[in-house]
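The sequence and the structure come first.

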Amino acid sequence: MTTVETANSAELINRLQTEGVRLVQIGVGAPSRHGGAGPSDHKAMTIDGTTFMAPVHTTQASDSPYIALPPDSNGRSEVQCGGQWVGEVSFPKRPAFYDLETADGIPYWKIATLHSSDVLATTVFQTCLRYEKKSTACKFCAIGRSLREGRTIARKTPAQLAEVARAAVELDGVKHMVMTTGTPNRTDRGARALADCAQAIRRAVDLPIQAQCEPPDDDAWFHRMHEAGVDTLGMHLEVVNPQVRRRVLPGKCEVTLEDYFRAFESAVSVFGKAQVTTYIIAGLGDTAEEILQVSRQLIALGVYPFVVPLTPISGTPVQDTPAPSAEMMRSILQPLGRMLVEAGMTHDQVRAGCARCGACSALSRFEEVAK
């Protein structure tokens with residue numbers, strides 16, 4: 001692909017992720033997700049070999065100028081804007097492991113789901129000590145919705161995840177796995193459960209794993225998770241301005257930016273450069289300059305800042321908050337892509353997880369433009 005073609009695909013993905021897509025035919029490809037943790041109210045699509053998540057169930061998506069027509073006989077769907085052709089997408093197929101269930105009758109898709117086209121993802125605890133109270137819940141989070149609506153189970157056991165992971169690798173060629181969690185306590189913050197699950201999964205199948213949690217109270221958990229088989233660690237800032245953090249993360253902000261940066265430094269010493277990542281959500285109140293300033297500090301520590309546009313999930317306090325503009329995202333992702341290339345920390349250097357997958361942001365395409 002030429003530099004111009006790469007830049008064009010980066011810009012189209014950027015626009016589809018910020019403005020959303022209207023689907024003429026809803027049920028094509030792998031099922032989309034409503035609510036829950038991770039990339040919700042999205043659908044996986046592929047352009048020029050790059051699979052990305054685009055909002056299809058948000059209020060903004062329902063008014064998007066972009067529309068995807070029904071797929072043709074080759075599985076390609078024309079994308080139009082104002083009646084004009086702007087590109088073609090295809091849709092990853094429904095994974096075969098979704099048709100299986102455990103011996104006690106739990107469908108595998110309630111235990112772990114396919115993200116993008118080759119990533120297995122699960123939320124180990126589908127509950128969170130912060131989510132249950134309006135005064136402490138993160139404003140963008142819908143972790144309890146999928147549980148309330150019966151589309152997942154509250155606690156995934158190590159044995160269940162090992163069983164599903166093996167099937168996903170054997171039947172669908174899954175390449176890596178993401179394990180996130182609601183925060184169950186104020187001590188290890190889920191690290192113990194993540195380590196137990198990673199150990200069981202790695203005994204069952206050779207699959208790179210990212211674990212995601214808030215910084216645990218004891219840095220020894222970084223060593224324990226790594227020894228259990230966790231390849232990369234995600235500790236998510238989500239918001240970088242302290243005032244905005246207090247408004248958007250009223251409970252989670254008790255873990256300060258200083259706490260995070262201390263944890264990042266310690267974790268990098270265990271997992272290595274580019275194997276510790278953080279998720280930053282543009283559109284919640286941080287400026288582009290603030291996000292880039294913090295990203296520079298993170299990269300200097302060896303932490304990969306994965307910046308994504310806000311998807312205002314229905315049923316959350318931010319459901320009517322406009323997603324950031326494509327222009328704002330470009331003003332972040334273009335220089336950030338260059339910084340990551342210069343630091344030798346591109347997404348393909350990350351062994352597993354959100355940054356490796358890259359589907360929730362156009363950042364990986366902007367890295368390619370910068371090379």
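Which residues do ring pairs link into a cluster? The cluster consists of Tyr-260, Phe-261 and Phe-264, joined by ring pairs.

**Basis of the values**

The model is predicted: local features need pLDDT of at least 70, side-chain atom pairs count only at pLDDT 80 or more, and totals for chains, interfaces and linings use all residues. Residues are numbered from 1 along each chain as its sequence is written, and side-chain values use heavy atoms, with hydrogens and water left out.

**Overall fold**

The protein has 12 helices and 13 strands; helices (H or I, at least four residues) and strands (E, at least two) are DSSP runs, numbered from the N terminus. Its radius of gyration is 19 Å, close to the 21 Å that the globule rule gives for 371 residues, so the protein is as compact as a globular protein of that length. That radius is taken over C-alpha atoms, and the globule rule is 2.2 Å times the number of residues to the power 0.38. The C-alpha trace spans about 55 × 50 × 40 Å along the principal axes.

Of the 371 residues, 58% count as buried, where buried means under 20% relative accessible area, exposed over 50% and partly exposed in between (1.4 Å probe, protein chains only). Contact means heavy atoms within 4.5 Å. Among contacts between residues at least 6 apart in sequence, 71% join residues at least 24 apart.

**Strands**

Two strands pair if DSSP finds at least two bridges between them. An open sheet of 4 strands has the order S1-S4-S5-S6, with mixed pairing. Its edge strands, S1 (22-23) and S6 (84-89), each pair on one side only. Strand S5 (residues 77-81) is antiparallel to S6 over 5 bridges, and Gln-80 stands opposite Trp-85 in S6.

Strand S2 (residues 42-47) pairs with S3 in the antiparallel sense over 6 bridges. His-42 has Pro-55 of S3 as its bridge partner. The two strands form a hairpin with 2 residues between them, and Asp-48 in the turn has a positive phi of about 50°. In S3 (residues 50-55), 6 of the 6 residues are buried. In a regular strand the side chains alternate between the two faces of the sheet. In S3, Thr-50, Phe-52 and Ala-54 lie on one side and Thr-51, Met-53 and Pro-55 on the other, and all are buried.

Strand S12 (residues 276-282) has 7 of its 7 residues buried, so this strand is largely enclosed by the rest of the structure. On one side are Val-276, Thr-278, Ile-280 and Ala-282, and on the other Thr-277, Tyr-279 and Ile-281. S12 pairs in the parallel sense with strand S11 (residues 232-234) over 2 bridges, and runs parallel to strand S13 (residues 303-309) with 7 bridges. Val-276 of S12 stands opposite Leu-233 and also opposite Val-303 in S13.

**Two helices**

The expected span of a helix is 1.5 Å times one less than its number of residues.

| Helix | Residues | Length | First to last C-alpha | Expected span |
|---|---|---|---|---|
| H4 | 158-172 | 15 residues | 20 Å | 21 Å |
| H10 | 326-343 | 18 residues | 25 Å | 26 Å |

The buried residues of H4 are Gln-160, Leu-161, Ala-162, Val-164, Ala-165, Ala-167 and Ala-168. Their cover includes strand S8 (119-123), strand S9 (176-180) and helix H5 (191-204). Gly-173 follows H4 and has a positive phi, near 65°. In H10 the buried residues include Ala-326, Met-329, Ile-332 and Leu-333. Gly-344 follows H10, also with a positive phi, near 65°.

**Aromatic rings**

Rings of Phe, Tyr and Trp (its six-membered ring) pair if their centres lie within 6.5 Å; planes under 30 degrees apart count as stacked, over 60 as edge-to-face and the rest as tilted. By this rule there are 4 aromatic pairs. Phe-97 and Tyr-98 form an edge-to-face pair, 4.9 Å centre to centre with 85° between the planes, and both residues are buried. Tyr-260 and Phe-264 form a tilted pair at 5.9 Å and 50°. Both lie in helix H8 (residues 257-271), 4 residues apart, about one turn of the helix, and both are buried.

A charge sits over a ring if NZ of Lys or CZ of Arg is within 6 Å of the ring centre and within 35 degrees of the ring normal. The charged end of Arg-155 sits over Phe-125, 4.7 Å from the ring centre. Arg-224 lies over the face of Trp-221, at 4.5 Å from the ring centre.
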